[in-house]
Amino acid sequence: MINYENVLNNTIKEIKPSGIRKFFDIAATIDGVISLGVGEPDFPTPWSIRQKAIQTIETKRTVYTANSGLMDLRKAISDYTIKRTGVQYHPEDEVIVTVGGSEAIDISIRSIVSPGDEVLIVEPCFVCYSPIVRLSGGIPVTVQTKVENNFKLKAGDLKDKITDKTKLLILPFPNNPTGAIMTREDLEEIAEVLRGTDILILSDEIYSELTYGKKHCSVIEIDGMRERTIMINGFSKAFAMTGWRLGYLCAPAPLVRQIVKIHQFAIMCSPTVSQYAGIEALTSCDREVAKMVDEYNVRRRFLVGAFNKLGLSCFNPEGAFYVFPCIAGTGLTSEEFCEKLLYLKKVAVVPGNAFGDCGEGYIRVSYAYSLNHLNTAISRIKEFLQEISDGR
């Protein structure tokens with residue numbers, strides 16, 4: 001008999017499974033659950049995108065593409081980025097099309113981080129950054145954000161964490177799970193800390209189209225930051241294309257030349273049908289995205305107001321499609337709150353500590369769901385709060 005404990009990679013054995021998927025998987029086994037745990041749009045992929053995919057299949061354009069992706073898609077990404085940020089990336093050697101934003105994050109970190117390198121991770125944040133850093137032999141270093149600072153990265157907190165081993169800063173804004181954003185003024189302060197260093201930035205901007213009241217500002221727009229930044233984006237959130245698995249990264253050519261090696265050996269290329277669909281998304285679907293953002297905004301206002309009325313103080317998010325209410329006053333930990341809510345009231349949300357230790361005392365609730373679902377969930381949460389207050 002093989003002793004699998006002896007043959008498995010020690011680092012992967014030490015990494016905990018995703019806290020998001022844990023509650024999603026439990027919820028899937030319980031009838032009648034309202035799941036507000038997964039960040040997946042409830043809108044269908046816009047019809048013109050689906051139509052382009054059908055046409056691609058019918059015309060038999062289903063063979064491999066270049067490793068970095070279809071040139072027409074890379075040109076569309078370049079044009080789209082110029083339109084949104086004013087910053088140009090050359091499609092020939094500064095853009096890679098990836099299997100979702102997740103692959104872009106993975107190959108970027110693995111191409112940069114060597115054993116012993118420190119990576120600054122702004123928390124609370126998406127769950128994948130720290131495990132990928134550890135699998136690369138790097139050392140994750142947490143930079144905590146606080147609700148009193150609107151969950152923004154502050155320059156002083158960043159500066160305090162930098163050492164001579166710091167290699168990379170992961171900047172995840174608009175933020176999952178908090179919905180926080182960074183303004184141009186905020187990013188200018190961060191840029192000032194980084195100038196004169198060799199520290200690179202991985203800017204995860206997958207929610208860049210989903211902002212409310214303020215246009216997203218990318219760190220690549222700040223003077224001197226393009227040369228040190230890998231900008232990550234994708235199609236899953238803004239275009240409701242989660243299952244299409246299509247993302248991209250833009251970076252200076254010397255970085256792209258190395259990053260693409262991992263992509264070509266591990267992946268070969270992104271799905272061809274999805275790539276053609278991506279061209280349609282970037283060139284023809286601004287109106288559909290705007291409609292989805294308007295609907296998310298209605299849901300956002302509803303949830304923030306509802307949680308505050310329930311006595312669960314709720315930060316007002318300005319991006320993404322999550323709220324991050326504080327449940328510390330209930331006396332339950334984040335995981336206790338979520339488990340009891342799931343089993344007693346059949347509402348699935350995600351404990352805040354799944355996104356880092358500083359998320360303890362919070363829960364993440366996605367509003368990528370209909371108002372009917374959200375309203376029913378709030379009614380059940382109200383009952384739950386009353387019951388635990390009564391000691392039942």
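Student: What makes strand β2 and strand β8 (residues 247-250) a pair?

Tutor: DSSP must find at least two bridges between two strands for them to pair. β2 and β8 are joined over 4 bridges, in the antiparallel sense, so they meet that definition. Within β8, the residue opposite V97 is Y248. Strands and helices here are DSSP runs, numbered from the N terminus (E, at least two residues, for strands; H or I, at least four, for helices).

Student: On what kind of model does this rest?

Tutor: The model is predicted; local features need pLDDT of at least 70 and side-chain atom pairs count only at pLDDT 80 or more, while totals for chains, interfaces and linings use all residues. Residues are numbered from 1 along each chain as its sequence is written, and side-chain values use heavy atoms, leaving out hydrogens and water.

Student: Why are β2 (95-98) and β4 (139-144) called edge strands?

Tutor: The open sheet has 7 strands in the order β2-β8-β7-β6-β5-β3-β4, with mixed pairing. β2 and β4 each pair on one side only, and they are the edge strands. On average, neighbouring strands of this sheet are turned by 20° against each other, direction ignored.

Student: How do you know that strand β5 (residues 166-171) is largely enclosed by the rest of the structure?

Tutor: Buried means under 20% relative accessible area (exposed is over 50%, partly exposed in between, with a 1.4 Å probe and protein chains only). In β5, 5 of the 6 residues are buried, and therefore the strand is largely enclosed by the rest of the structure.

Student: Which strands does β5 pair with?

Tutor: Strand β3 (residues 118-123) runs parallel to β5, joined by 4 bridges, with V119 opposite L168. Strand β6 (residues 200-204) also pairs with β5 in the parallel sense, over 4 bridges; there, I170 has L202 as its bridge partner.

Student: Why is helix α6 (residues 100-112) called oblique to helix α10 (residues 253-266)?

Tutor: The helices pack at an angle of about 120°, with their axes 9 Å apart. Angles under 35 degrees count as roughly parallel, over 145 as roughly antiparallel, 65 to 115 as roughly perpendicular and the rest as oblique; therefore α6 is oblique to α10. Axes are lines fitted to C-alpha atoms, for helices over the stretch in contact, with angles from 0 to 180 degrees between N-to-C directions.

Student: Which residues make this contact?

Tutor: Contact means heavy atoms within 4.5 Å. From α6 come E103, I107, S108, R110 and S111, and from α10 come I259, I262 and H263.
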